[in-house]
Amino acid sequence: MVRTLYVYEHCPFCVKARMIFGLKDIPVEIRYLLNDDEAGPIRMIGRKLLPILEEDGKFMGESMDIVAHIDNIGKNRLSETVSPPISDWLSAAGPILYKLMLPRVACAPFPEFATTAARAYFVRKKEPSCGQFATLLEDGSDFVAALNTHLQTLAPLIRSVEAVNGTLSTDDIHLFATLHSMSIIKGVIYPPEVEHYRQTMARLSRVPLMDEHAA
Ligand SMILES: N[C@@H](CCC(=O)N[C@@H](CS)C(=O)NCC(=O)O)C(=O)O
């Protein structure tokens with residue numbers, strides 16, 4: 001069966017969908033769409049939202065639906081046991097992360113921004129909800145400090161570097177996607193347990209971190 005996953009490199013939801021293929025060693029072709037390509041996703045699922053999985057000519061949106069669908073193939077399913085402190089940690093990190101990540105993503109050399117028009121589309125679309133990127137880039141040091149404090153509280157929650165709760169679960173999908181987004185922010189200090197976890201998950205899921213583009 002031929003499977004194609006349409007993604008943006010920076011997108012945390014796309015990271016979630018990509019991860020399950022790596023974790024389960026299931027082949028998939030990754031295709032990047034330009035950020036201003038509205039017609040493609042709308043033709044596939046009726047709205048401009050990635051990730052989208054194409055399987056035998058059929059299309060599926062929603063990252064966690066894709067995760068569940070691929071997880072149902074073969075052995076080694078994700079555990080259904082999740083840990084409330086992990087979702088609490090993620091909810092608290094989200095608002096800080098958002099304002100730091102989006103302006104940095106907008107400057108990175110990702111395939112979804114291969115044209116000037118695609119990059120401009122992203123900025124135009126995200127700035128209204130997030131604030132002027134130039135201003136956010138000028139001084140984010142308080143936000144970075146807040147993120148670093150928050151990361152200290154994640155370290156004791158990591159039970160294994162191969163699975164945050166000891167057995168792979170959707171908590172790993174959500175947590176790694178957030179750490180992946182964080183990786184584009186320079187000055188973030190990862191406690192050793194978190195560093196080991198994010199490097200291990202990048203390897204196991206075959207989704208590279210964005211460290212090299214950190215700004
Ligand atoms: N609930 C969706 C959310 C997906 C989502 O928000 N994707 C973003 C990219 S991170 C998107 O395609 N937004 C439209 C845009 O960027 O124009 C999922 O989990 O797949």
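**Figure 1. Asp56 in a predicted model.** Asp56 is exposed, with a relative accessible area of 54%, in a model that is predicted. The value lies above the 50% cut-off, so the residue is classed as exposed rather than partly exposed. Asp56 sits in the loop that connects β3 with β4 (58–60). Its phi is positive, about 50°, although Asp56 is not a glycine. Most residues other than glycine have a negative phi.

**Figure 2. Arg206 and its backbone angle.** Arg206 also has a positive phi, here of about 60°, and is likewise not a glycine. Arg206 is placed in the segment that follows α9 (192–205).

**Figure 3. The peptide bond between Leu50 and Pro51.** This bond is cis, and its omega is near 10°. Most peptide bonds are trans. Pro51 belongs to the loop between α2 and β3 (52–55). Leu50 is one of the residues nearest the centre of the largest pocket, and Pro51 is in contact with Ser63.

Figure 4. Ser63 is part of helix α3, which covers residues 63–71. Its relative accessible area is 6%, and Ser63 is therefore buried, the cut-off being under 20%. When neighbours within four places in sequence are set aside, Ser63 is in contact with Phe13, Lys16 and Pro51. Of these partners, Phe13 is also among the residues nearest the centre of the largest pocket.

**Figure 5. Arg43 on helix α2.** Helix α2 spans residues 39–45 and contains Arg43. Arg43 has a relative accessible area of 61% and is exposed.

**Figure 6. The largest pocket.** The space in the largest pocket amounts to about 750 Å³. Its lining consists of 31 residues, and those nearest the centre are Cys11, Pro12, Phe13, Leu50 and Lys126. By class, the lining holds 15 nonpolar, nine polar and seven charged residues. Helices α1 (12–24), α4 (84–105), α5 (116–130) and α8 (170–182) each contribute at least two residues to this lining. The largest share comes from α4, with seven residues. Both domain 1 (3–71) and domain 2 (84–213) supply at least three lining residues each.

**Figure 7. The second largest pocket.** The volume of the second largest pocket is about 150 Å³. Its lining includes Leu23, Lys24 and Ile26, the run from Ile73 through Gly74, Lys75, Asn76 and Arg77 to Leu78, and also Thr167 and Leu168. Five of these lining residues are nonpolar, three are polar and three are charged.

**Figure 8. The two domains and the annotated span.** The domain assignment divides the protein chain into domain 1 (3–71) and domain 2 (84–213). Taken over C-alpha atoms, the centres of domain 1 and domain 2 are 19 Å apart. Between them, 20 residues of domain 1 are in contact with 29 residues of domain 2. An unreviewed UniProt entry lists residues 1–78 under "domain: GST N-terminal". In the model, residues 1–78 are 37% helix and 21% strand, and the end C-alpha atoms of the span lie 22 Å apart.

Key:
Residues numbered from 1 in each chain as written. Predicted model: local features only at pLDDT ≥ 70, side-chain atom pairs only at ≥ 80, totals over all residues. Heavy atoms only, no water. Helix = DSSP H or I, 4+ residues; strand = E, 2+ residues; numbered from the N terminus. Buried < 20%, exposed > 50% of the residue type's maximum accessible area, 1.4 Å probe, protein only. Contact = heavy atoms within 4.5 Å. UniProt positions renumbered as here; feature names shortened; annotations may be inferred. 1 Å grid on protein atoms, 1.4 Å probe; cavity = no way out; pocket = protein on both sides within 12 Å on 5 of 7 lines; lining within 4 Å. Points joined across faces, edges and corners; volume = space filled by probe spheres on them. Nonpolar A, V, L, I, M, F, W, Y, C, P; charged D, E, K, R; others polar. Domains from an automatic or database assignment.
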